[in-house]
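Trainee: I have just opened this entry and would like a guided look at it. Could we begin with the spaces inside and then move on to other topics?
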Amino acid sequence: MKLNSTYKHFLSLFILIVIAFFVKGYFLSEAGIGTDESFSLYTAQASVYQIITTLNMGDNPPLWEVVLHFWINLWGTDLVMARVLSLLFSVLTIIPLYFIGEKFIHNHAGIVGSLLYTCSSFGVFIAHEARVYSFIGLLVCTSTLLFLYILKYPKKNYLYVLLSLVNVLIFYGHYLGVW
């Protein structure tokens, strides 16, 4: 039986996401709180207005702390639960990586690239830290995917809007994301 393309992609992504949750989530609670994590957790406990006002005077844009603010309002300030947010963004990064490989490189390149990212020590590290980096990784990979789609389909205007939105989110997530 030959699988259609949509079902094949869905099945591949499902398997990759399950693998990533196990690989990246296994030691999520092992390390103690890092210095930067304490900054994010402390700042995210303030009101959204206070977060924006406070970070406006520093060198961090407010988007991550605002997202974390709503996350900890749902799940509490437990360090492991705060890290689960980073884990989710890290695992979701597999989706644009997969499609970059499958649609623009070669058959099965998406699977290989996603597995390499899943098992990389850096990918696991950023999934275990309650900081902006896994969120930025997801946004940058999504931005790259949208850019490649624009090169392939330059007359689809909604792609330009989506790319602009993702790039604004990157900038408000971390200033280094612009580079």
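Trainee: Which residues line the largest cavity?
Mentor: Please keep in mind that this is a predicted model. The lining of the largest cavity is made up of N60, P61, W64, E65, R131, V132, G173 and H174.

Trainee: What volume does the largest cavity have?
Mentor: Its volume is about 40 Å³. The count of cavities of 30 Å³ or more comes to one.

Trainee: How does the lining of the largest cavity divide by class?
Mentor: Three of the lining residues are nonpolar, three are polar and two are charged.

Trainee: And the largest pocket, how much space lies in it?
Mentor: The largest pocket holds about 210 Å³ of space. Its lining consists of Y117, F122, I126, Y133, I136, G137, V140, H174, L176 and G177.

Trainee: Which classes are found in the lining of the pocket?
Mentor: Seven of its residues are nonpolar and three are polar, with no charged residues.

Trainee: Which helix gives the largest share of that lining?
Mentor: That is α9, with four residues. Both α8 and α9 supply at least two residues each.

Trainee: Let us turn to α9 itself. How many residues does it have, and how far does it reach?
Mentor: Helix α9 covers residues 133-152, which is 20 residues. From its first C-alpha to its last it reaches 29 Å, close to the 28 Å expected at 1.5 Å a residue.

Trainee: Which of its residues are buried?
Mentor: The buried residues in α9 are S134, F135, I136, L138, L139, C141, S143, L145, L146 and I150.

Trainee: What do the buried residues of α9 pack against?
Mentor: They pack against five helices: α4 (63-75), α5 (79-92), α6 (94-104), α8 (121-127) and α10 (157-173).

Trainee: A new topic: how many disulfides are there?
Mentor: The count is zero. C119 is in no disulfide, and the nearest cysteine sulfur to its own, that of C141, is 16 Å away.

Conventions: Residues are numbered from 1 along each chain as its sequence is written. This is a predicted model: local features need pLDDT of at least 70, side-chain atom pairs count only at pLDDT 80 or more; totals for chains, interfaces and linings use all residues. Side-chain values use heavy atoms; hydrogens and water are left out. On a 1 Å grid over the protein atoms alone, a cavity is a set of points where a 1.4 Å probe fits but cannot get out, and a pocket is an open set with protein on both sides within 12 Å along at least five of seven lines; lining residues have an atom within 4 Å of a point. Grid points are joined across faces, edges and corners, and a volume is the space filled by probe spheres set on the points. Ala, Val, Leu, Ile, Met, Phe, Trp, Tyr, Cys and Pro count as nonpolar, Asp, Glu, Lys and Arg as charged, and the others, Gly among them, as polar. The expected span of a helix is 1.5 Å times one less than its number of residues. Buried means under 20% relative accessible area, exposed over 50%, partly exposed in between (1.4 Å probe, protein chains only). Contact means heavy atoms within 4.5 Å. A disulfide is a pair of cysteine sulfur atoms within 2.5 Å.
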